[in-house]
Structures are given as structure tokens and as C-alpha cells.
Amino acid sequence: MGGNQVGAARAVGIITLVVTAVLGSAYLLGRSLVPDASRTDNVVTATGVEHPEYADQSAPIDAEPDATRAPDGSQRSDEQEQDPNVGPMGTRVSTGTADVALTFDDGPHPDYTPQVLAILREHHVTATFCVVGKNAQAYPWLVEQIVAEGHTLCNHSWDHDVALGARSAEWIRTDLIRTSEAIRAAVPDAPIAWYRQPGGAWTYSVISVSRDLGMAPLHWTLDPSDWRAPGATRIATSVINGVRPGSIVLLHDAGGDRQGTVNSLYRILPDLAGRFDVQALPPRGL
């Protein structure tokens, strides 16, 4: 009697184990076929840690501008869109006449600006100097000389902040006013009717503020990339071959080694002066 009871108990145990195993297998099979709604992707995320290729990426400083709208937000007219004098976001890209304008950015610089001024003087040519505020503060006598020799001044921000246009309107205003004050500390009565954004990184904010301060946004027609310091021959060839009536030419008298730019002027100025009237932009704007 005892033996039969033991055997029956063992049989029940074995059956229980088999049923449990079968049910467990069925459950696991079902789980594998049904998505787990509780799963998250927290372990693998698009961050610089898990995805190094994203580590150096950042949001653009400004949204792509609406080409159909003017800097004040109003709708552009067909006449504005076709105006050859108007460039990115309503900036000035032409003299509006057959005259050619040379512009020199990032100065003044004690080594290069005096050389540029001497060559311009020799060829009876005036130009426009886009002045960085901290350089105007450091070398006020060069700002004085620029004005004394009949050249036009342009505000080029305090310290060549390419991202200035992405900052708040108040920040931009403070930067531009500080720059103009540094210029006027050297030449109190000189007009500053132009503003050029470093890097040509225009935004509607920086354009709006510059205009509120009485300065027209100044872009360019021709960039020979002298800021890359490719040498005098390449700079001169690019300008001589690329210039057209009304061109505004971008050059630099500071911001790096500008001896190549200085030397290129010995070829550029005789050629341009023989084909065009080469003059500074109007000091009080257009």
C-alpha cells in the first residue's frame, strides 16, 4: 500500500513538471512573437557618447531666410528681387554705378594699413575701410589717417564676431555702438554709414539693428579669397579678371598675414584705374 502511494506521487510530480515545461515554452514563444510595449531606446541614443559622429554637431545659428521677404518681414516686390544692387537679405552688393569700390576689412593694422594707404595715395584712389572696433581703439592714428586721406569708414563689429547675427538684438546693438564709439573717439565727426557683418554671416536681426543705427548693410560682389593668403599673383589675377562695372571688391588689411594683398595692389590698381573709376563708397551712404 505504501509503495503504491509513493509511485502515484512520483507520477503526479512528473506530470506536473511536464505540464509546467510545456506551458513555459508556449509563453516564451508567444512573447517572442509580440512586440514588448514597455521597451525603450534609452540605451542607444543619438548623443555624442554613443554616436561620436554627432558629437561636434550643433544647431544652425539661424534658420534659412525666406527669400521672398525683406529684412523687415515685408513681402519683397518683383522689382526688389531683380535689383542687381541688392544681395543677401537686402544687403548692398554693387555701387549702383559703373564705378568700382575696393573695400578693406579687419583693420586697421600697424604693418599693413599704412602700406595700403600709401599705394592708394600713389594711384589717387580712395577705398572703404571696414574697421574692427578693438583695432580702431588700439590704433586710432590709423583711423585718423584713413579719414584724412578721403577714405570711407565702415563698422565691422567689435572683435570680428562671425556669430554676432545669432545673438540677441540688444547684444548686437551694444557691439555695433561700442565699435562706432571707438571709431569716433579717433575721428569724432566722421560719418559711419555702412556695416559689414564678419564672414558675410547675415541675419535679419543684425541687418535690422545696423539699419536702426543708421548703417546700411554692405556685402560684396567679388571675393578673391585673399584672406586665405594665396599670394599676390593669385589675388591680383582674381580681381583683374573678375571685376565688372559696379563691383564691390572684398580685400583685407588685417586679420592675418596680408602682405600678399598689399603686394597685389601694385598690379590691381594700375589695371583697374585704367578701365574704371575706382572710388570709395559714399561716406554718408547711398
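Predicted model: local features only at pLDDT ≥ 70, side-chain atom pairs only at ≥ 80, totals over all residues.
Let me begin with a definition: the rings of Phe, Tyr and Trp, the last by its six-membered ring, are taken to pair if their centres lie within 6.5 Å, and planes over 60 degrees apart count as edge-to-face.

Another pair is formed by tyrosine 195 and tryptophan 202. Here the centre-to-centre distance is 6.0 Å, the angle between the planes is 85 degrees, and the arrangement is edge-to-face. Are the residues of this pair buried or exposed? Both tyrosine 195 and tryptophan 202 are buried.

Arginine 178 is placed over the face of tryptophan 158, 3.8 Å from the ring centre. Arginine 167, in turn, lies over the face of tryptophan 171, with 5.0 Å to the ring centre.

Finally, let us consider aspartate 212. This residue belongs to helix H7, which covers residues 204-212. Why does aspartate 212 count as exposed? The reason is its relative accessibility of 55%, since exposed means over 50%. In sequence, aspartate 212 is 39 residues from arginine 173, while in space their C-alpha atoms are 9.1 Å apart.

Conventions. Residues numbered from 1 in each chain as written. Heavy atoms only, no water. Helix = DSSP H or I, 4+ residues; strand = E, 2+ residues; numbered from the N terminus. Buried < 20%, exposed > 50% of the residue type's maximum accessible area, 1.4 Å probe, protein only. Phe/Tyr/Trp six-rings, centres within 6.5 Å; stacked < 30°, edge-to-face > 60°. Lys NZ or Arg CZ within 6 Å of the ring centre and 35° of its normal.
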